[in-house]
Amino acid sequence: MCILKGKEIVIGVTGGIAICKSPELLREMVKCGAKVQVVMTKHAQEFITPLTFQTLSGNLVITQLFHLLPESKISHVALAERADMIVIAPTTANILGKIANGIGDDMLSTLVMAAKCPVLLAPAMNYRMWANPAVQRNVKHLKQDGYHLIEPGFGDLACGEEGKGRMAEVEEILEEMEEVLTGKDLQGERILITAGPTQEPLDPVRFISNRSSGKMGYALAHVAQKRGAEVILISGPTSLIPPRKVKFIKVGTALEMREATLREFQEATVVIKSAAVADYRPTVKEERKLKKSDSSITLALEKNPDILEELGKNKGSRILIGFAAETERLIKNAQDKLKAKNLDLIIANDVSQENSGFSSDTNQVKIIDQEGTIEDLPLLPKGEVAELILNRLKEMRKRKG
Ligand code: PMT
């Protein structure tokens with residue numbers, strides 16, 4: 001469920017060409033169920049008329065400082081009290097400077113000055129303006145004052161030049177908003193998460209692997225990071241983009257995953273192993289591509305080390321969470337793995353079900369603890385499964401200290 005649902009968000013729109021992304025940002029917020037109020041500066045209205053934002057938000061757009069809300073309260077103060085968050089996208093060098101230096105000479109700058117809620121700034125400007133020492137000084141002050149700022153990206157600029165100054169993409173701004181609004185209940189945890197399959201090479205072009213897409217592990221990493229944990233994501237080959245702000249380590253084989261996991265384990269407070277590690281690897285990796293012949297061939301396989309079992313033997317005060325992908329005797333097999341690998345929790349995953357387990361966007365799991373309690377979750381998007389697993393981690397941390 002989107003965290004913006006039911007939230008009162010103010011979008012401040014200022015005069016820069018990146019304003020062309022603002023209607024899309026507004027649409028996405030409305031889609032999430034946010035109540036959005038748009039405030040436009042005078043210069044913004046040179047680029048787009050208020051009617052565009054009014055149509056998309058379903059609310060009158062505020063364009064002047066002395067604009068009364070229907071309740072007849074002075075609007076910048078009333079709005080500042082009501083808003084759960086203010087997002088200024090685009091943020092020009094001008095509004096950045098005004099906010100950093102306490103200047104309130106229009107609706108948007110006075111609103112920000114009166115606000116108690118989080119304020120997110122998405123700067124957009126020419127790269128030389130962004131690099132200007134005065135702008136950088138303002139950025140530094142704003143961060144120190146507790147403003148959230150999503151750095152501009154590098155790329156083609158509207159002026160025809162290339163450099164750092166492009167406003168962050170709509171998707172990134174939404175993610176940052178989600179992160180700012182999410183409670184930081186996992187702050188202080190350093191969570192090591194493994195995800196995806198491993199690939200065990202037979203020759204330079206072939207390998208043994210499985211259907212893991214990495215979606216479950218990446219969802220855990222994304223949610224844990226949003227909730228304030230420091231996250232290390234060790235991933236086998238997937239087609240996913242790693243979540244922002246996590247330490248990302250890409251591996252290929254089970255042996256590479258073992259090496260990276262044992263190294264990162266030292267500093268971790270929690271480990272969640274959602275990766276589908278190959279239990280066996282070809283005994284020999286051929287240097288050249290295996291040639292087809294008329295006869296059948298037999299592959300010799302040798303056992304890969306069980307990484308989780310190894311971690312369980314050295315876990316110390318860490319919390320260890322494993323997954324069990326099963327097609328039969330789900331609970332019994334998962335409970336056996338919980339004991340054998342010295343885990344605190346195991347996530348039992350019936351992978352024979354449709355829309356659950358490997359590759360799907362949803363998952364249906366049971367969370368089993370050492371006391372034998374079984375929490376039976378319905379079929380849910382993997383992001384929600386991740387939230388519930390991390391809630392259990394939080395409860396366990398409270399008990400264990
Ligand atoms: O990636 P997705 O497409 O989103 O799919 C998610 C998933 C189905 C892969 C995931 O939910 C899941 O169930 N992961 C565990 C898969 C698995 O390998 O289960 P297992 O029962 O074989 O292993 C038990 C545990 O030991 C797992 O935590 C596994 O990471 C770990 N293990 C297994 C073998 C090995 N050599 N080393 C290990 O550490």
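**A sheet, a helix and a glutamate**

Modeller: Let's start with β1 and strand β3 (residues 85-91), which pair in the parallel sense over 4 bridges. Strands here are DSSP E runs of at least two residues, helices are H or I runs of at least four, and both are numbered from the N terminus; two strands pair if DSSP finds at least two bridges between them. Before going on, bear in mind that this is a predicted model, where local features need pLDDT of at least 70 and side-chain atom pairs count only at pLDDT 80 or more, while totals for chains, interfaces and linings use all residues. Residues are numbered from 1 along each chain as its sequence is written, and side-chain values use heavy atoms, with hydrogens and water left out.

Back to the strands: I9 stands opposite M85 in β3. The whole sheet is open, with 5 strands in the order β2-β1-β3-β4-β5 and parallel pairing. At the edges you find β2 and β5 (148-149), each with a single partner strand, so one side of each has no neighbour in the sheet.

Now for the helices around this sheet. Helix α3 (residues 50-57) packs on the sheet by touching β1 and β2, and its direction makes about 175° with that of β2. Contact means heavy atoms within 4.5 Å. For the angles, axes are lines fitted to C-alpha atoms, for helices over the stretch in contact, and the values run from 0 to 180 degrees between N-to-C directions. Helix α4 (residues 75-82) has S75, H76, A78, L79 and A80 buried, where buried means under 20% relative accessible area, exposed over 50% and partly exposed in between (1.4 Å probe, protein chains only). Those buried residues pack against β1 (8-13), β2 (35-40) and α6 (107-114).

Then there's α9, which lies across β1, β3, β4 (119-123) and β5, running at about 155° to β3. This helix covers residues 170-181 and holds E175. E175 is partly exposed, with a relative accessible area of 27%. Leaving aside neighbours within four places in sequence, E175 is in contact with H222 and R244. With R244, the two side chains make a polar contact (3.2 Å). That term covers a pair of N or O atoms within 3.5 Å; within protein, one must be able to donate a hydrogen and the other to accept it, and residues adjacent in sequence count only if both atoms are side-chain atoms.

The protein is divided into domain 1 (8-181) and domain 2 (190-400), with bounds from an automatic or database domain assignment. Their C-alpha centres lie 40 Å apart. The contact takes 6 residues from domain 1 and 5 residues from domain 2. About 560 Å² is buried between the two domains, and carbon and sulfur atoms give 32% of that area; buried area is the accessible area (1.4 Å probe) that two parts lose on being put together, summed over both. Our glutamate matters to that tally: E175, E178 and E179 supply 76% of the area that domain 1 buries against domain 2, more than any other three residues.
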